[in-house]
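Please open the model in a viewer and keep the selection panel at hand.

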Amino acid sequence: MSEPPADPPNAAQRERRDALCWLLLGLGGLVLAALAVQLDARLGTASAPFLGRYKIRVGPGSVLAPAVAAATLWLAASGRFTRLRWHEIQLFGYTAGLAWAIALALVDGWSGLTKTLGSPEEYLGDVRQVGDSPLTYLRHFTAAAADHSVASRGHPPGPVLFLWALQRIGVTDHIVLGFLITAVSVLTIPLVLAAVRDSVGEEAARRYLPVLVLAPYAIWTAVSLDGLVAVLGAAAIVSGLRASRRRVRGWAATGWAVLAGLLIGLASLFSYSAPWLGLSLVCVYFARRRASLNVLSGIGALLPVLGAQLLGFGWADGLVAAETDYASRVAPYRSVLWWSAISVVVLLLAAGPPLYASARKVRNTAMWPFLAGAGAAVVFTILAGLARGGVEHAWLPFFPWLTVAAVAPERPAGDPPPAPLLLVGLGALVAVLVEGALVTPW
């Protein structure tokens with residue numbers, strides 16, 4: 001016998017309770033961050049819990065994000081998403097998500113798409129070091145770490161080589177470059193939707209759509225190369241899900257599993273934290289009783305890393321160099337205790353109210369493998385003392401997976417609840433307020 005449908009009044013009451021609990025936690029966290037600033041704790045910033053500085057900005061661009069949020073919420077509340085075909089859902093998710101990210105960035109005018117690219121602390125300033133010889137740059141990347149920008153010191157050479165390649169094909173205008181990076185980063189939305197559909201069905205994926213589209217972390221998605229890591233990681237998980245489908249066997253399963261590993265390996269050349277998403281793949285394979293696919297994905301993941309090794313860049317050496325730089329440049333000036341607590345506040349605000357509902361219902365969903373990899377990455381970063389500012393963009397590859405259980409049923413095998421539009425709307429409001437008050441370095 002099927003489960004009875006969720007009682008709408010009870011679902012609405014639970015959603016209001018989730019919103020209230022998130023608000024209380026968020027406000028408590030902001031009080032903690034303000035207390036740390038007032039006590040002159042070693043934070044390295046006066047804008048805790050985020051990095052940057054506070055400055056209220058109101059202009060013509062300030063109306064764009066609220067308009068996108070209002071339109072998306074109205075379409076969701078009116079049931080329009082239930083009448084769209086699946087490919088139309090994905091297309092709408094991508095288009096609306098791109099509009100949301102761009103609208104938030106344009107609060108600062110066109111500089112919202114270009115300020116990161118022009119910063120001497122970001123990757124673009126290192127492109128000139130590549131010159132006409134990317135292989136030479138790759139071979140000397142670790143040895144010349146002290147000559148790199150702050151962003152490059154903490155990452156593998158992938159981001160710089162990506163920007164170098166774009167310049168080589170003629171993409172040099174900063175506005176065009178910023179839009180292109182954002183457009184690629186937002187591909188995470190249809191990929192995550194595909195993963196949710198493959199795991200728990202299309203109905204839950206449709207209800208998860210507004211959560212992804214109006215996510216507060218879109219503030220940092222615009223012009224962030226960590227967004228590219230999110231895309232590669234999401235594509236890897238989707239490939240792993242395809243490989244482990246019940247009716248997919250033989251060469252088809254092999255191809256999808258190797259592709260999943262290749263994408264994780266490629267993402268690892270952009271971010272040292274990307275391999276944590278491989279844990280989600282491992283959990284997916286074990287949950288679907290296809291553990292042998294781990295071997296194929298593992299081989300695939302090693303290929304890009306070993307290829308880079310043959311060309312002169314040792315991934316492990318780069319990781320050690322990044323940690324050494326962090327230990328000397330950041331760790332002595334930012335309190336690990338204060339930032340460990342404040343980073344949790346950043347997580348609450350950047351992921352938004354759906355995070356609370358997702359954490360409460362994680363045991364009720366087959367999507368737990370997604371939360372395993374993303375959650376492990378976040379917990380490890382905090383416990384290892386590496387979360388000392390800037391996690392709002394460093395955790396971009398993990399945020400979409402941490403909220404998937406927001407559309408999980410209240411009990412195992414129950415019907416999915418309605419789309420949590422109250423939580424989504426509250427998160428969108430937070431994003432608009434933060435974007436209007438915080439000048440970020442990205």
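A cavity is here a set of grid points where a 1.4 Å probe fits but cannot get out. The model is predicted, and a search of the whole of it finds 4 cavities of 30 Å³ or more.

**First stop: the largest cavity**

The volume of the largest cavity is about 160 Å³. To centre the view on it, select Ser185, Thr188, Ile189, Tyr217 and Thr221, which are the closest to its centre among the 17 lining residues. Next, display the helices around it: helix 3 (86-105), helix 10 (188-200), helix 11 (202-213), helix 12 (218-221) and helix 13 (226-243) each give two or more residues to the lining. Which helix gives the most to this lining? Helix 3 does, with 3 residues.

The lining of the largest cavity has 12 nonpolar and 5 polar residues, and no charged residues.

Two elements, helix 14 (250-268) and helix 16 (293-311), supply at least two residues each to the nonpolar patch.

Finally, select Leu259, which lies in helix 14. Why does Leu259 count as partly exposed? Its relative accessibility is 32%, and the partly exposed class lies between the buried limit of 20% and the exposed limit of 50%.

Technical notes: Residues numbered from 1 in each chain as written. Predicted model: local features only at pLDDT ≥ 70, side-chain atom pairs only at ≥ 80, totals over all residues. Heavy atoms only, no water. Helix = DSSP H or I, 4+ residues; strand = E, 2+ residues; numbered from the N terminus. Buried < 20%, exposed > 50% of the residue type's maximum accessible area, 1.4 Å probe, protein only. 1 Å grid on protein atoms, 1.4 Å probe; cavity = no way out; pocket = protein on both sides within 12 Å on 5 of 7 lines; lining within 4 Å. Points joined across faces, edges and corners; volume = space filled by probe spheres on them. Nonpolar A, V, L, I, M, F, W, Y, C, P; charged D, E, K, R; others polar.
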